[in-house]
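Let's take a walk through this model together, helix by helix and pocket by pocket.

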Amino acid sequence: MGGTKAAEATVTDATVAEVLAELAGLEDPKARAVNERHGDDHGVNLGKLRALAKRLKTQQELSYRLWRTEDSAARLLATLICRPKAFSRDELDAMLREARTPKVHDWLVNYVVKKSPHAEELRLAWTADADPVVASAGWALTTERVAKKPGGLDLAGLLDVVEAEMKDAPDRLQWAMNHCLAQIGIDHPELRDRAIDIGERLQVLKDYPTPPGCTSPFAPVWITEMVRRQQAE
């Protein structure tokens, strides 16, 4: 550990510049065009970015420095090379509010916050936040708990909130609430009929364009298909 900390202490502006230059070299105009349609502002192939992260290995100080550049590709890389448990609650809260593009937001929640000891405290705070993008992170963490650790959650109460608020929620919050609705229906048979009924009545994402071979995000279809797969195993 001492050697690792000593190595991290030597992160310099030159090191950061080298990594940024390598990321710039991975820029692909076609990837950028696709990403921009989804609200993201980078053009790096994510497979190549993951390969770079694998080569760099865990480097907490470098991840801090990359995050502070405000460059989306650098921030994505930062989420892959950091130590999730090294961030304080306030650092994670600030980072989420700075992560305004969807992919950076998603990777921060999925690869960093979910592995943090502060995840539950942040889940509660973010779900109640007035900013719908921040609230969507709270719902993403709630969906994780529905799937992996539902004890202590008021699942029927969550369905009440979804039923009352999802239809008119802003896009990213609506998407996160819909995922939670589907997860409850998939994992909790006693609430499945109600979850499907809420989806049918609200019609959220019913017409979402779904590529061949992919499952529709429309909750009744999503729930039914995932349950079918589970029963077929």
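In which crossing, left-handed or right-handed, does helix 10 pass helix 11? The crossing is left-handed. Keep in mind as you look that this is a predicted model.

Two packed helices are described by the angle between their axes and the distance between the axes. For helix 10 and helix 11 (residues 155–165), the angle is about 145° and the axes lie 12 Å apart. If you display the side chains, you will find that helix 10 brings Trp139, Thr142 and Val146 to this contact, while helix 11 answers with Leu155, Leu158, Val161 and Val162. Sorted by class, the contact of helix 10 with helix 11 has 6 nonpolar residues, 1 polar residue and no charged ones.

Now turn to another pair, towards the start of the numbering. The axes of helix 2 (residues 13–25) and helix 5 (residues 60–68) come within 10 Å and cross at roughly 65°. That makes helix 2 roughly perpendicular to helix 5, with 65 to 115 degrees as the range for that term. The crossing of helix 2 past helix 5 is right-handed. On the helix 2 side, the contact is formed by Asp13, Thr15, Val16, Val19 and Leu20; on the helix 5 side, by Leu62, Arg65 and Leu66. This contact has 5 nonpolar residues, 1 polar residue and 2 charged ones.

With the helix pairs in view, let's move to the pockets. The largest pocket has a volume of about 1100 Å³. Its lining numbers 35 residues, and Pro102, Asp106, Arg172, Trp175 and Tyr208 are the ones nearest the centre. Where does the lining come from? Helix 8 (102–112), helix 10 (132–148) and helix 12 (171–187) each supply at least two residues, and helix 12 gives the largest share, with 7 residues. By class, the lining of the largest pocket is made up of 15 nonpolar, 13 polar and 7 charged residues.

The space in the second largest pocket is about 190 Å³. Around it you can pick out Lys114, Ala119, Glu120, Arg123, Leu141, Glu144, Arg145, Lys148 and Lys149. This lining divides into 2 nonpolar residues, no polar ones and 7 charged ones.

Methods:
Residues are numbered from 1 along each chain as its sequence is written. This is a predicted model: local features need pLDDT of at least 70, side-chain atom pairs count only at pLDDT 80 or more; totals for chains, interfaces and linings use all residues. Side-chain values use heavy atoms; hydrogens and water are left out. Axes are lines fitted to C-alpha atoms, for helices over the stretch in contact, and angles run from 0 to 180 degrees between N-to-C directions. Helices (H or I, at least four residues) and strands (E, at least two) are DSSP runs, numbered from the N terminus. Angles under 35 degrees count as roughly parallel, over 145 as roughly antiparallel, 65 to 115 as roughly perpendicular and the rest as oblique. A crossing is left-handed if the near helix is turned anticlockwise from the far one by less than a right angle, and right-handed if clockwise. Contact means heavy atoms within 4.5 Å. Ala, Val, Leu, Ile, Met, Phe, Trp, Tyr, Cys and Pro count as nonpolar, Asp, Glu, Lys and Arg as charged, and the others, Gly among them, as polar. On a 1 Å grid over the protein atoms alone, a cavity is a set of points where a 1.4 Å probe fits but cannot get out, and a pocket is an open set with protein on both sides within 12 Å along at least five of seven lines; lining residues have an atom within 4 Å of a point. Grid points are joined across faces, edges and corners, and a volume is the space filled by probe spheres set on the points.
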